[in-house]
Amino acid sequence: MRWDNLAEDPGTGGDSALFGTSAVTTRTFDTPEFRGITFHEVRARSILNRVPGASRMPFEWTVNPYRGCTHACVYCFARRTHSYLDLDTGLGFDSQIVVKVNAPELLRRQLASRRWQGAHVAMGTNVDCYQRAEGRYRLMPGILQALRDHANPFSVLTKGTLILRDLDLLRQAADVTEVGISVSVGFTDPELWRTVEPGTPSPERRLGVVRALTDAGIGCGVLMAPVIPFLGDRPEQLRATVRAIAAAGATSVTPLVLHLRPGAREWFMSWLRAHHPHLVERYERMYAEGAYAPKWYQRRITRQVHELAAEYGIGPASPRSRRALPEPAAQEAPDTLEPTQLTLL
């Protein structure tokens, strides 16, 4: 594995790589929830990642305590990041998890730097910071404490129910700074969920998180993503999803259509050939021009969801709440000397 290849020039001195080979400890745990999963524990050299300038993200900085994700979403755009470490972007992405064990202490130190200007920090925009591994490594409480203690604004996007463990910390942070929470629920169809997001909590449980956060006084929006063409985009499916989101008390709903970048595209198409071979040709036509569905299709889905949201009494995210709801980005950027964050959509 190329753990040192994340530097622009290893000969420039200083912290030229995010972590080195000597810093990696590999572990496996023989428990049912972690069977078949390998954890690569590293001591990162930087934890604040700058978003590429070409991104349309409404924030400039992210924190990612993990690489790889046991949610195993077949469409996950972040799969390509595993190739930077010579790790497999398919099953390897789902089962080879890089854990930045020093993330909380490192973030606290970087937030205290005179160079840090207190910019908004987004989490969960690469892989989920509340994936299964967080139950064992417990990195997020320390990260939230550091952000709270520095009154640094932040947002979290997650599919994980484990965020409720940190409810008290979120409330404490919200008392001193701007906090944005969003939960990702692209559909409520149970069969679709089981096949495309096999490692995630069910949509019903995720909507339970929205309700719990709302009841605790923390506004929570829903990123309705991805809307999957020909599998999750029928009018009755969209209606059922928006109705459930509204019933959970979400402050907003923002739809985003499936996009297929290199890395994710190959894995998703392989899954599609195995589970829905009759759709392969339709997908090849729809995504013939690149990673994104045609604009007419995106506009149609957005219009339908917004009309349903208005019917059920919710709307799209406001400018203030959209920090946790990134828009499609123009391009992605590889890791460099100053760590950069791949864009979510």
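## Exercises around strand β9

Strands β8 (residues 154-158) and β9 run parallel and are joined by five bridges; strands here are DSSP runs of E with at least two residues, helices are runs of H or I with at least four, both numbered from the N terminus, and two strands pair if DSSP finds at least two bridges between them. This is a predicted model, in which local features need pLDDT of at least 70, side-chain atom pairs count only at pLDDT 80 or more, and totals for chains, interfaces and linings use all residues. Residues are numbered from 1 along each chain as its sequence is written, and side-chain values use heavy atoms, with hydrogens and water left out.

**Exercise 1.** Work out whether the residues of β9 are buried or exposed.

*Solution.* First, take the cut-offs: buried means under 20% relative accessible area, exposed over 50%, and partly exposed in between (1.4 Å probe, protein chains only). Then go along β9 (residues 179-184): six of its six residues are buried. Finally, sort them by direction: Val-179, Ile-181 and Val-183 point one way, while Gly-180, Ser-182 and Ser-184 point the other way.

**Exercise 2.** Find the contacts of Phe-268.

*Solution.* Contact means heavy atoms within 4.5 Å. Leave aside neighbours within four places in sequence; the contacts of Phe-268 then include Val-74, Ile-228 and Tyr-283.
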